[in-house]
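Open the model in your viewer and keep the selection tool at hand. The stops below say what to pick and what is there.

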Amino acid sequence: MGKKYSYVGISLIVLIFGIWVVKEFGSRNSSESLAYLEINGKKKKVPQFEFVNQAKDTISNQTYNDKVYVVEFFFATCPTICPIMTNNLVEVQNEFYGNLDFGIASFTINPENDTPEVLADYAEEYNIKHPNWHLLTGNQNDIYQLANKGFNIYAAEDENAPGGFEHSGYFALVDQDGYIRCRRDEFGNPIVFYRGSVPHDAPDGEGEEDPQIDILIEDIKLLLQ
C-alpha cells in the first residue's frame, strides 16, 4: 500500500512539473518565435518620444513600459486609408479591451490641424475608449523623425496626395521591452509590419491586398502570454 501511494505521489509531481514546463517554456518559445526588426544587425528599439494625447496628457515611450502596443501614423482629415486603419484598430482594441498590458499609439502627421480637441472628437467618433489608446500630437518634425527614422514607416507632406499628406498604411507591433516585433513569412523572413489599410472583413486578395488584422491579433496574444 505504501509503495502504491509513493508511486501516485511521484506521478503527481511529474505531472505538475510537466505542466509547468509546458506553460513556462512553451509560451516563452512561442513569443520568441516572433522576429525582431533589425537594422545593421541590431534589434530595432523604439526611440524616446514625448507628445500630448487627446486628453492633453503628456505621453512618452515610458508610458508604454511593460506593455505590448501597436503603432500607427494617421491624420484626422485623411480621406483615404485612415478610416479603414482606425476601424481595424478598433477591432483590435475590442479584442483586448480589458487588458491593461496592451495599448495603441496613434501619431498624427498633421499636428497643425489635429489638436487634442480635434483628436478627442475623432476618438469619440470612432468609439476609441481603451485607456491605453493615445492619439498623439506635437511637433511635426519630431513626429516625422519618429515615423521615418524611429519606425521606418513612411510619412510626409505632399500637396498632390489626398488630404495633403502621404503615409504608409502599416502598423508596427512593439513588445514589452520596446522592441519592434513581427512574424515571419513562409521563407523565414520577417514581414516587418502589419497591413492596416485593408478592411478586416475584406476577402483575401493576392499578395499585398490580404488583410492582416487577424495575424496581428494572434501575435499580440503571443507577446502577452
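Start by selecting Asn 40, which is exposed because its relative accessible area of 79% is over 50%. The structure is a predicted model. Asn 40 sits in the loop between strand E2 (38-39) and strand E3 (42-43). Show its backbone: phi is near 55°, a positive value in a residue that is not glycine.

Next, select Asn 152. This residue also is not a glycine and has a positive phi, of about 60°. Look for Asn 152 in the loop between helix H4 (140-150) and strand E9 (155-157). Its relative accessible area is 38%, so Asn 152 counts as partly exposed.

Now select strand E11, residues 170-174. Four of its five residues are buried, so the strand is largely enclosed by the rest of the structure. Which strands pair with E11? Take the partners in turn.

- Strand E6 (residues 68-74) runs antiparallel to E11 and is joined to it by three bridges. Select Val 70 to find the residue opposite Leu 173 of E11.
- Strand E13 (residues 194-195) is also antiparallel to E11, with two bridges between them. Here Tyr 194 of E13 stands opposite Phe 171.
- Strand E12 (residues 180-182) is joined to E11 by two bridges, and these strands run antiparallel. Val 174 has Ile 180 in E12 as its bridge partner.

Stay with E11 and E12 and select the turn of their hairpin. Five residues lie between the two strands, and Gly 178 takes a positive phi near 85°.

Move to Asp 114, in the loop between strand E7 (102-108) and helix H3 (116-125). Is Asp 114 buried or exposed? Asp 114 is buried, and it has no salt bridge. Select Lys 56 as well: it is the nearest side chain of opposite charge, and it is 15 Å away. To see what surrounds Asp 114, display the residues it touches: leaving out those up to four places away in sequence, they are Phe 75, Ala 76, Thr 108, Leu 119 and Thr 137.

Select Cys 78, which counts as buried because its relative accessibility is 8%. Then select Cys 82, where the relative accessibility is 1%, so this residue too counts as buried. How many disulfides does the model have? The count is zero, taking a disulfide as a pair of cysteine sulfur atoms within 2.5 Å.

Notes. Residues numbered from 1 in each chain as written. Predicted model: local features only at pLDDT ≥ 70, side-chain atom pairs only at ≥ 80, totals over all residues. Heavy atoms only, no water. Buried < 20%, exposed > 50% of the residue type's maximum accessible area, 1.4 Å probe, protein only. Pairing = 2+ DSSP bridges. Lys, Arg positive; Asp, Glu negative; His and termini not counted. Salt bridge = Lys/Arg side-chain N within 4 Å of Asp/Glu carboxyl O. Contact = heavy atoms within 4.5 Å.
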